[in-house]
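This briefing is meant for a reader who is meeting the structure for the first time.

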Amino acid sequence: MPVNFLSDGEAARYGRFADVPGRTELEKLFFLDNADKALISKKRGPHNRLGFAVQLTSVRYIGRFLADPLDGVPTEVIDYLAEQLAIADASCLKLYAQREPTHREHAGQIQTKLGLKDFGQAEAELETTLAAHAWNSGDGPTAMFQYAVRWLRENDVLLPGITTLTRMVARIREEQTERLYATVAAMPTSEQVEALEQLLEVPPGKTMTELERWRQGPSKASGPGMVKALQLVEEILGAGLGRLELDVSVPRRRVLELAKYGLTVRSAQLKRHPDARRLATLVATARRLETKTIDDALELLDLLMVTELLGRRTARPTSRR
């Protein structure tokens, strides 16, 4: 699947200062405690002390070190940090960015102090976590990406480059989707497979596939409509497709999502899908149609009874005294 699933705005906010923090946010997230100040005080020169403070608070806030430690850092953040460090001229920070070895060394010290792990140290664990999440939830790529970012932040792991993370999310999500298709498609017998595939064919003399006819269901609250509804229930139950036993490892939510798709997609489009996806969709849809058709028939019966009772009350002659 494409890896550029994030919008331009979502991509621009990743691991960067998306907005200017307000005063309350500054005081909460960019406050330097005594331990911070003790560490900062060891740096020589106001530009190094302020630069160290910027990196320290920035990585806490955005989850990663910037290649240029001052890139995109709001003036409000710099001024608030300078105020806490009693640095009168915050413009001295320009000197900090001129020596890359210094801010790289500082980043290493901050990483050690905060106990932050490199992405490579947690990559395998994240892959396992994402695979389980994708299998159970069926979330879209953007939701999975946000889940991955939260997991990294909560586990004190530095965010990787955006391309690294989007590629991982796209790959794992596709792998788990293919696993779902393969698992569900392997459940029916060869006879059931043949019956399922026949649902996508238009019988001689008809204008729609069997799947489309099954999905259409009863439409009129009438005696003949009720008969047709019961005949459809008998037909679908007789096919035995709804009694397919699903692997207990397959989350019910994923099967319902497949069925939801199968209840709306055109038969011609479904026929063009790869074998595993097509068959998995048919399995889930057939199971759902069995219960749906019974529910539709019961609903039609209720409506018919109410209609008949109201009709009789309306037709009852008015008694005369």
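A residue counts as buried under 20% relative accessible area, as exposed over 50%, and as partly exposed in between. The model is a predicted one, and the points below are grouped by topic.

**Backbone angles in two loops**

- Most residues other than glycine have a negative phi.
- Asp156, although it is not a glycine, has a positive phi of about 55 degrees, and its place is in the loop between helix H8 (141-154) and helix H9 (162-185).
- Because its relative accessibility is 37%, Asp156 counts as partly exposed.
- Ala86 is likewise a residue other than glycine with a positive phi, here near 55 degrees, and it lies in the loop that runs between helix H5 (75-84) and helix H6 (100-114).
- With a relative accessibility of 70%, Ala86 counts as exposed.

**Packing of helices H7 and H13**

- Helix H7, which covers residues 119-137, packs with helix H13, which covers residues 252-262, at an angle of about 55 degrees, and their axes are 6 Å apart.
- That angle makes H7 oblique to H13.
- On the H7 side the contact is formed by Ala134, Trp135, Asn136 and Ser137, which meet Arg253, Arg254 and Glu257 in H13.
- Sorted by kind, the residues of the contact of H7 with H13 divide into 2 nonpolar, 2 polar and 3 charged.

Key. Residues numbered from 1 in each chain as written. Predicted model: local features only at pLDDT ≥ 70, side-chain atom pairs only at ≥ 80, totals over all residues. Heavy atoms only, no water. Axes fitted to C-alpha atoms, helices over the stretch in contact; angles between N-to-C directions. Helix = DSSP H or I, 4+ residues; strand = E, 2+ residues; numbered from the N terminus. Parallel < 35°, antiparallel > 145°, perpendicular 65-115°, else oblique. Contact = heavy atoms within 4.5 Å. Nonpolar A, V, L, I, M, F, W, Y, C, P; charged D, E, K, R; others polar. Buried < 20%, exposed > 50% of the residue type's maximum accessible area, 1.4 Å probe, protein only.
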